[in-house]
Amino acid sequence: MSHAIQDQPRGPDGPVPRSALDAEAVKAAYRRWAGVYDSVFGGISAFGRRRAVAAVNALPGERVLEVGVGTGLALPRYQGGKRITGIDLSGDMLDRARMRVARQQLDHVDALLEMDAEETQFADDSFDIAVAMFVASVVPNPRRLYAELRRVVRPGGHILFVNHFLADGGVRLAIERGMAHASRSLGWHPDFAIESLLPPADRLRARIEPVPPGGLFTLVTLANGEPLPG
């Protein structure tokens, strides 16, 4: 499964979204969204979250890093045998996630930390699995995010992404292109191509699955530890 990147801007690490987001833009956007995130985005993203957590639950290993944990919508769905550390750049979102953990007594959640996903404070090989839900199109440097997850996940572990990626063509592609100018207000890139995240060799070896509704989101699963080509 590949995604066209017609006229996609290119940087030193490959294609990049048209309007780069910096950390402050992301924080500002999610500060605005924090209070209504569950009701506005929770429904449409529910299929992707459920699919990603089900995939994590089916994988071997106990130590799980959830990147972009947000308000903690996915946290109740992890099986008890998994130990979850969640990180997010938005303190406002994390406050709501902590309330969810306390309210629902989610004992399998070890920590919720305010942290930059492109430059975490974890040691090498700290986790068996890392899952990034709806994060790849938010960070300023997706390839740096991918490299960081490869660093903190042990060899033989797994890295998963669930995200919206740029359409191949048709009306949806035109809409996504048209929405690109609003990236900073939205807090994500409607025109985000999978090529901005994964090098060609890693796209070929990844398991890539469309997720409802209508394939709007995609679940990407990779085994960690193989060489990272340029």
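Predicted model: local features only at pLDDT ≥ 70, side-chain atom pairs only at ≥ 80, totals over all residues.
The chain has 230 residues, of which 51% are buried. It contains seven helices and nine strands. Contacts can also be sorted by how far apart the partners lie in sequence. Among contacts between residues at least 6 apart, 72% join residues at least 24 apart. As for the surface, the chain exposes about 10,000 Å², and carbon and sulfur atoms supply 54% of that area.

Next comes the sheet. Strands of a sheet pair through backbone hydrogen bonds, either parallel or antiparallel. Here seven strands form an open sheet with mixed pairing. Read across the sheet, their order is β5-β4-β3-β6-β7-β9-β8. The two edge strands are β5, residues 109-114, and β8, residues 207-211; they count as edges because each pairs on one side only. Between neighbouring strands of the sheet the average turn is 15°, with direction ignored.

Strand β4 covers residues 83-88 and is joined to β5 by five bridges. These two strands run parallel. Aspartate 88 has glutamate 114 of β5 opposite it.

Helix α3, residues 91-104, lies across β4 and β5, and its direction makes an angle of about 165° with β5.

Which elements give two or more residues to the largest nonpolar core? That core has 28 residues, and the elements in question are β3, β6, α4, β7 and β9. Helix α4 provides the largest share, four residues. The residues with the most contacts inside the core are Leu65, Val67, Leu149, Phe161, Leu198 and Val220.

With its neighbours within four places in sequence left aside, leucine 198 is in contact with Arg143, Tyr146, Phe161, Arg203, Ala206, Val220 and Leu222. Two of these partners, Phe161 and Val220, are also listed among the core residues with the most contacts.

Definitions and conventions:
Residues numbered from 1 in each chain as written. Heavy atoms only, no water. Axes fitted to C-alpha atoms, helices over the stretch in contact; angles between N-to-C directions. Contact = heavy atoms within 4.5 Å. Buried < 20%, exposed > 50% of the residue type's maximum accessible area, 1.4 Å probe, protein only. Areas by Shrake-Rupley, 256 points an atom, 1.4 Å probe, with all protein chains shown as cover. Core = buried A, V, L, I, M, F, W, Y, C linked by side-chain atoms within 4.5 Å.
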